[in-house]
Amino acid sequence: MSKKLKTALITVCLLLTVTVVYALAAAGGASDPLASLSYLTGTFMDAVDQQVEEKLDAADEALLNGGGDLSGGTAATWAETRLKEGDALTGSTGTGVLLLAGSVRVTFGSGAVVDVTTGTTVSSGSTLTANHRYLVAEDTTAVFAVISKTAVVDYQGPYAFSESASTDYNAIAAALKTMHLFQGSFTGYGEGYDLEVAPTRLQALIMFIRVLGEEDEALAYTGSTPFTDIAAGTQSEKYVGYAYSKGYTNGYSATTFRPSQTVTASQYMEFILRALGYSSADNKDLSGTLSNALANGVITEGELSALQSGTFLRADLAYVSYYALDAVVAGSSQTLEDVLLDKGVFTAREAAEAAALVTSSRK
């Protein structure tokens, strides 16, 4: 390991320590501080330096011997990753963690983990607060495990990842993006996937148009809409106006679309069934939508159970859309994927690349 990298890592730990000094001083008092300045800048910093050096030396030896854990190492600067339920990041002295989206629980047998943002320690078993920075204290090994379907985490310092066998919604979103069926938002992290939030009516409609293979037609639409809550001259107007002109949607009312209102599993599945020809905009009763999807082979029993419980998220929207590609279009022998291939929405090579990304099993 180079001297330059070692210096960078030690500098990172020093910066983290200084942050903790100020946070702890603010949380405590001059006469009764939570931790003394001499301890943090002396004993603690010495321990950080020693343990960082030990980990770097061990990494060097592993690399020279051609081995080592490829899922671990030491991040000299903040790095970002997407994780799925059950995945875990293990950190030791000097590891910093920042949760950007999703839910993560930290556990440790002894020692301490500090919420640097508030200047307080957290107990083992605590759920992290989004956008708070956490620091693993000396002589501590902490496990940060994902307890939501997906999560986005920043990390710095010594780390090791372990992967679960749970559904990989992140890979599914990446696969859809490879086939030009899913795009990120303007969110500046997690590739903009926003899998941790509920989809809106506008997002669901756009996804519906994509799985129809008609996005180019929608973006070329030059008409208007009767909905007063859709801004004129925007891409939203193109998507909504096109869908309305084709009879794909009637809006929320005669004059409103409510683009920001979230959708349920049944509401989005109704769009998928329309794309496959098993329903139409004439259907106003969605109580049997999920059962209809099961009967027509669009979802499995396991997926039906999962969609009937919990909040419907963009992760679920991506999942349903991806596996809908395997469903047979009504009145034909073609799958939805076959139809989109014929329309040139994506190529056979892109479909193969997408399939290779998804290694988790279907529910």
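In the predicted model, D139 lies in the loop between strand 8 and strand 9 (142-146). Phi of D139 is near 55°, a positive value in a residue other than glycine. The relative accessible area of D139 is 55%, and since exposed means over 50%, D139 is exposed. A positive phi also occurs at N131, which is not a glycine; here the angle is about 70°. N131 is found in the loop between strand 7 (126-127) and strand 8 (133-136). With a relative accessibility of 52%, N131 likewise counts as exposed.

Eleven of its eleven residues are buried, so helix 10 is largely enclosed by the rest of the structure. The buried residues include R314 and D316 as well as L317, V320 and the tyrosines Y319, Y322 and Y323. The buried residues of helix 10 pack against helix 3 (169-178), helix 4, helix 7 (265-276), helix 9 (301-307), helix 11 (336-343) and helix 12 (348-357).

The volume of the largest pocket is about 490 Å³. The lining comprises 17 residues, of which G184, S185, Q203, I206 and R210 are the closest to the pocket centre. Helix 4 provides the largest share of the lining, five residues. Sorted by class, the lining holds eight nonpolar, six polar and three charged residues.

Methods: Residues are numbered from 1 along each chain as its sequence is written. This is a predicted model: local features need pLDDT of at least 70, side-chain atom pairs count only at pLDDT 80 or more; totals for chains, interfaces and linings use all residues. Side-chain values use heavy atoms; hydrogens and water are left out. On a 1 Å grid over the protein atoms alone, a cavity is a set of points where a 1.4 Å probe fits but cannot get out, and a pocket is an open set with protein on both sides within 12 Å along at least five of seven lines; lining residues have an atom within 4 Å of a point. Grid points are joined across faces, edges and corners, and a volume is the space filled by probe spheres set on the points. Helices (H or I, at least four residues) and strands (E, at least two) are DSSP runs, numbered from the N terminus. Ala, Val, Leu, Ile, Met, Phe, Trp, Tyr, Cys and Pro count as nonpolar, Asp, Glu, Lys and Arg as charged, and the others, Gly among them, as polar. Buried means under 20% relative accessible area, exposed over 50%, partly exposed in between (1.4 Å probe, protein chains only). Contact means heavy atoms within 4.5 Å.
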